[in-house]
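Here are my notes on this model, point by point. Please keep the structure open while you read.

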Amino acid sequence: MSLVASSSRHISGQRPLLQRLAMASEPYLYVAPALILIVAVMLVPLVLGLSYAFRDVRLLNPFSGGFVGLDHFRVLASDVAFARALKNTLLWAGASVSLQFTFGLILALLLDRPFRGRAIAQALVFLPWAVPSFLSGLNWAWMFNPVVGPLPHWAFALGLTSAPTNLLSDPTMAMWGPIIANVWWGIPFFAITLLAALQAIPRDLYEAASIDGANAVQRFLSITLPFLAPTIAITVLLRTVWIANFADLIIVMTNGGPADRTQIVASYIFTQAFRRLDFGYASAIAVVLLVLLMTYSLLIVLLRQSLLRRA
Amino acid sequence: MASIDIVGIRKAYGALQILHGIDLTIRDGEFIVLVGPSGCGKSTLLRMIAGLEDISAGEIRIDGRRVNDLPPRDRDIAMVFQSYALYPHMTVAENMSYSLRLRKTGREKIAAAIDGAASILGLNTLMERRPKALSGGQRQRVAMGRAIVRAPKAFLFDEPLSNLDARLREQMRGEIKKLHHSLSATSVYVTHDQIEAMTLADRIVALNGGVVQQVGTPLDLYDRPANLFVAGFIGSPAMNMIEGRYRSDRVSAWVELAEGLILPLHKTLQRAGIDEEEAADVEDGAAVTIGIRPEHIFLDPGVGGFEATVELIEPTGLGTILHLRLGGVSFKAFSLERSDAAIGDRLSVSLPPERLHAFDAADGVRLI
Amino acid sequence: MRKRQIASTVAHRTAIVLYIAVALFPLYWLLKVSVTPNDLLYTEGVRLWPSRTGFEHYIFVLKHSDFPRFFANSLIVSGATAIIVTVLAATAGYALSRFTFRGKYWIVALMLLTQMFPLVMLVAPIFKMLSPLGLTNSLTGLVIVYVAFNVPFATFLMQSFFDGIPKELEEAAMIDGATRFRAFRQIILPLTLPGIAATLGFVFTAAWSELLFALMLISSTAASTFPVGLLSFVSKFSVDFGQMMAAGVMALIPACLFFLLIQRYLVQGLTAGAVKG
């Protein structure tokens, strides 16, 4: 009798174990395909790329591949083009982000106010975001081209330039070409995120403030800005990293020229890898870029922590 | 219909214990209400019966069959959710027939089942609507209908009325009771609302902190709360609690309250069926908490009363709630009479000994 | 008071119109040049609309250039990427939304990490990895790379859509007699369709726009995507502006179509990869 009871318990206990195992592995099965792909196509190349930085890897030289230690970094330290690219990256990211943000915030505030045709206006002003980046680059390169573009002629007519010349071939000003294209292309990003944050602010706060006697400017400073601050902080900081790495427009519009005047670090890496096929050197630059970005991200995290602690 | 046995059920999320060993037998056709404050584990217990939560230890049996490892679909139970959980992309008819369609029930049978449920719940004209186009009360009915068409072994209700306004809640409460009366289906109903618990339940299970405090009929819990928690939870306005010291000698027992007030316990002991001799096992001098419901306090008894000061008057329409102060003790009295008392008046009140409850002040367990 | 209100309204509308003008002008110019016959392009200079229009550039591009092939290649690559990513992201996003499991934190952290580091770093090593496998100059290789790049962001996006569907719906379905998979298929999936469409749109747009990896991995005309083809056309025939811009307008069309599709979900899409965690 007791034997029967115990054996039946044994049987009923066995299936649940298998079942439980199947249930426990379910989420991993769902995530696995995505995860395997990410590891194989992003993580493995990342590690491989780090190793290239210390090796001589040139595509056209079959005898390359040897370990060269810190040689690439020694060359890099005295590479004038790299130093210029670093400086250009600062200008590129700083100017692009601050202008995108300023115009994006103004646009978001304009769109936060209800008016007739707002949906259509919104779709039209956000349209540049949908334009593929290579096409934005080409489009603006053409706009700056005196042969087919209107901008040089307008600038000449306004007396800004002495002749209708191409901004992109002017060594002192060329960087502003891609920056203008980038601002045009990136305003919607900030406008969309800030608009969402604006619309999440409870309306009755504004009503309460009006009753308390605050005017429009005071309401903006005492309600809107504090509510937007976290969104602003996080989007600006993340966007800066993204734009610092964003080489498409430069590759398309100037290819780093004239004379490396518009080269940023990301486009310099691409040029080394794509045109010179020097993967080792390209990876060494990439390692430096990665270290710089990690330092920047670390600073953000520390800043965030100290802000949180104060709050 | 079926019985449900809950044996030594425990639930833990990591180190956090939610349920500390629940034992409960639900009889076939019985309407059980799990009641308690939020976070007491009542919903967790219900979800464990449904199969939506893993069982950390113990066993649940439906109709004598162990269901611990059965997925919800094989337990043959229906559940009404607090949010109703109606499928937004299906019409009312589709919502109600979904379970039958999953079970490959015949077309005519399905039509008959949902027609029946629809006419019981008065949903006939709404069958082609989507949930979005229904009012809160109608959605609630559809959720009920979805459960009814199944004719399941048991109904589970997870705070089904708490998203309705007061009037609708009262109306639906009545309908659920009628429904149970006609279907006499085994039902487990979770609520934090003690009125729902009192009015609906065959038996109430009062839960607090993952531990069963008392199981009994609504009037059991009202008349003889097993501990301070149940005493305070059941009844509105809530029972008055007064700290005191138990005293007894060979002849009688009494409680000394603050400032030398004395409450005789004579008749309380009689009602409890305890001889005064037996009552002596409550130690002389023990700290006790005396409970008395506001509706059991006599106002203007004439002789033998205490003089209390009126601090606040709350007319409820049905009667009056008086906030009184007696020495250092504040308490409430409820009377069906309209009161013409004013704040600051002194009233004579009496606390009938047969209506007194005495609890151990330390662990809250009922003494007398 | 009333005057000030009118003034503010006028200023507001003017600003909006200005923004729209700046946003649309370059695209308008693209369109204008693409329909300007060659003989007018240089003689009429900066005119807002040519005195005569024609579709000869489009006809040339469609009939005598490789652009139809580039267009088809891009369509195949972007379409395949969008579909595969959406399937993978839907399953992974569902797991992240509905299950608590050990390792979830690390998976999310890993996916966030991939959103942070410069992808341009991977150009060289990915080329080295794919070339012995015969996956350079191949659309398949491109699809594999694009899928991996877009899966993390799409997963977060799908997760946010699943998070928006109450868990009780699935529980109700399971009590009604459905298996978890059936509940997913019959209850969750129909409710996530808009989200799936949005994810398809976002990924398609991203793949359609990708330039650097396509440049690196593709050198043959046969396997070129639209951006690669357009760029090589630009460097080879840099005087055929009309044709280039006609090709540019063609590249714009699918992007605009998908923009309309995902417009409602822009906010969710833009914040999915960035602000989570």
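**Notes on the model**

1. Start at B:Tyr84, which sits in the loop of chain B between strand E6 (77-80) and helix H2 (92-102). Helices (H or I, at least four residues) and strands (E, at least two) are DSSP runs, numbered from the N terminus. B:Tyr84 is not a glycine, yet its phi is positive, about 70 degrees. Is B:Tyr84 buried or exposed? It is buried, because 23 other C-beta atoms lie within 10 Å. The cut-offs are these: buried means 20 or more other C-beta atoms within 10 Å of the residue's own, exposed means 12 or fewer, and partly exposed is in between, with C-beta atoms placed from the backbone.

2. A word on the basis. This is a predicted model: local features need pLDDT of at least 70, side-chain atom pairs count only at pLDDT 80 or more, and totals for chains, interfaces and linings use all residues. Residues are numbered from 1 along each chain as its sequence is written, while chains are lettered from A and ligands numbered from 1 in the order in which they are written. The model scores ipTM 0.87 and pTM 0.83. Chain C has an average pLDDT (the predictor's confidence in each residue, from 0 to 100) of 87, and 95% of its residues score at least 70.

3. Next, B:Asp63. Its loop runs between strand E4 (57-62) and strand E5 (65-66) of chain B. Phi of B:Asp63 is also positive, near 55 degrees, in a residue other than glycine. B:Asp63 counts as partly exposed because it has 15 C-beta neighbours inside 10 Å.

4. Check one peptide bond too. B:Ser236 and B:Pro237 are joined by a cis peptide bond, with omega about -5 degrees. B:Pro237 belongs to the loop between helix H8 (228-233) and strand E11 (240-248) of chain B.

5. Now chain A. It has twelve helices and zero strands. Its radius of gyration (taken over C-alpha atoms) is 27 Å, well over the 19 Å that the globule rule gives for 311 residues, so chain A is more spread out than a compact globule. That rule is 2.2 Å times the number of residues to the power 0.38. The C-alpha trace of chain A spans about 110 × 75 × 40 Å along its principal axes. Buried residues make up 39% of the chain.

6. How many residues of chain A are in contact with chain C? The count is 69, and they meet 70 residues of chain C. Contact means C-beta atoms, placed from the backbone, within 7 Å. Helix H1 (residues 2-52) gives the most to chain A's side, 17 residues. That side has 57 nonpolar, nine polar and three charged residues. Nonpolar covers Ala, Val, Leu, Ile, Met, Phe, Trp, Tyr, Cys and Pro; charged covers Asp, Glu, Lys and Arg; the others, Gly among them, are polar.

7. Look at one helix pair. The axes of helix H5 (residues 133-144) of chain A and helix H1 (residues 2-34) of chain C come within 10 Å and cross at roughly 80 degrees. H5(A) and H1(C) are therefore roughly perpendicular (65 to 115 degrees; under 35 is roughly parallel, over 145 roughly antiparallel, the rest oblique). A:Asn139, A:Trp140 and A:Met143 meet C:Pro26, C:Trp29 and C:Leu30.

Note on methods. Two residues are in contact if their C-beta atoms, placed from the backbone, lie within 7 Å. Axes are lines fitted to C-alpha atoms, for helices over the stretch in contact, and angles run from 0 to 180 degrees between N-to-C directions.
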